[in-house]
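Welcome, and please have your viewer ready. We will go from one selection to the next and look at what surrounds each stop.

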Amino acid sequence: MCSAIRAAFLCSQFSRKTTSVFSPHLRKMVHYQTEPRGRANSPDYRIYFKSSDGKCISPFHDIPLYAADQQQESDVPPKKIKTNEILFNMVVEVPRWSNAKMEIATKEPLNPIKQDVKNGKLRYVANIFPHKGYIWNYGALPQTWEDPSHTDQETKCCGDNDPIDVCEIGSKVCATGQVIQVKVLGILALIDEGETDWKVIAINIEDPDASSLNSIEDVRKMKPGHLEATVDWFKTYKVPDGKPENRLAFGGQFKDKDFAVEVIKATHSFWKALVLRKKMKGEEIICQNSSLCDSPFRCSDAEAHAVLQAAPEYGEPLPVSSEVEKWHFITK
């Protein structure tokens, strides 16, 4: 079991019981729990993850990429899922319509979700007319890594040193830290300051449209304007900060599902190599994990729990600056 490929050599399977939110201080999502620390809208805010039996885990390294082992006990009616469909786990970082740039902290122990900080200030994306904040549930696929030492053959740029990003286009607004199962539909390649930053387009399998959306062309037909809005958003979201429009590979065209799955498989293999390295250097990714048998960075339950205990106690959220809610009108 330690060398199971689809589970990425996980030593044990986490319990698959589905439990609802039970308190604002310790929320239990599908298969996983999240525990906030610090105060929301402040630099010390963190969202830590636990398995369903309460063990502290890394959302980056301990949540499996493939949802195949969880699919059999999913509450989703079978008619929504094709028998040969590959499903992936997605860690939601940013709920649709929100502005705070939340992300998995790849360089912190246990990789909690935190709000990005730049020049000492919390980062928010501007509202770019006619969009409000992020226009999808935005997050990442666990156990993937865009290797900065690898130059992609298609984009001719290296990876951005993060897990691969996902834009979930369903109708439900998810919560930060929620782990959902998604079906991949296509992919877009953003070139961000000379780095390849893939954006997977996916649909939550619990979405009413999940059974009807099976390709990027289905999105184009059933959700007219959605793909165009996605391209527009990624090109312009940094303009209010005084930066030029972002560049997209392939002329801003989306690649299909098969292409996307191959990119995901490649980033999964890069991640495997990352967590099997014998030692890390300086400011590199933190690979501390609770379940990877072959990884030299596997820690004990006590060591993982100590990371959580060292974080600031949870407190009431701070007010959000009014600057976050302003609208930006961009002339093109």
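On this tour, contact means heavy atoms within 4.5 Å. The model is a predicted one: local features need pLDDT of at least 70 and side-chain atom pairs count only at pLDDT 80 or more, while totals for chains, interfaces and linings use all residues. Residues are numbered from 1 along each chain as its sequence is written, and side-chain values use heavy atoms, with hydrogens and water left out.

Start by selecting Asn204. This residue is found in strand E15 (residues 195–204); strands are DSSP runs of at least two residues, numbered from the N terminus. Leaving aside residues up to four places away in sequence, Asn204 touches Glu168, Cys174, Ile180, Gln181, Val182 and Ala210. Its relative accessible area is 5%, so Asn204 is buried (under 20%, with a 1.4 Å probe and protein chains only). Now show its side chain, which reaches the backbone nitrogen of Glu206 at 3.0 Å.

Next, pick Thr176, in the loop between strand E13 (165–168) and strand E14 (179–192). Thr176 is buried as well, at 13% relative accessible area. A polar atom of its side chain lies 3.1 Å from the backbone oxygen of Glu93.

Finally, select Ile169. Its contacts, not counting residues up to four places away in sequence, include Arg96, Trp136, Leu185 and His226.

Key:
Helix = DSSP H or I, 4+ residues; strand = E, 2+ residues; numbered from the N terminus. Buried < 20%, exposed > 50% of the residue type's maximum accessible area, 1.4 Å probe, protein only. Polar contact = N/O pair within 3.5 Å; in protein donor to acceptor, adjacent residues only side chain to side chain.
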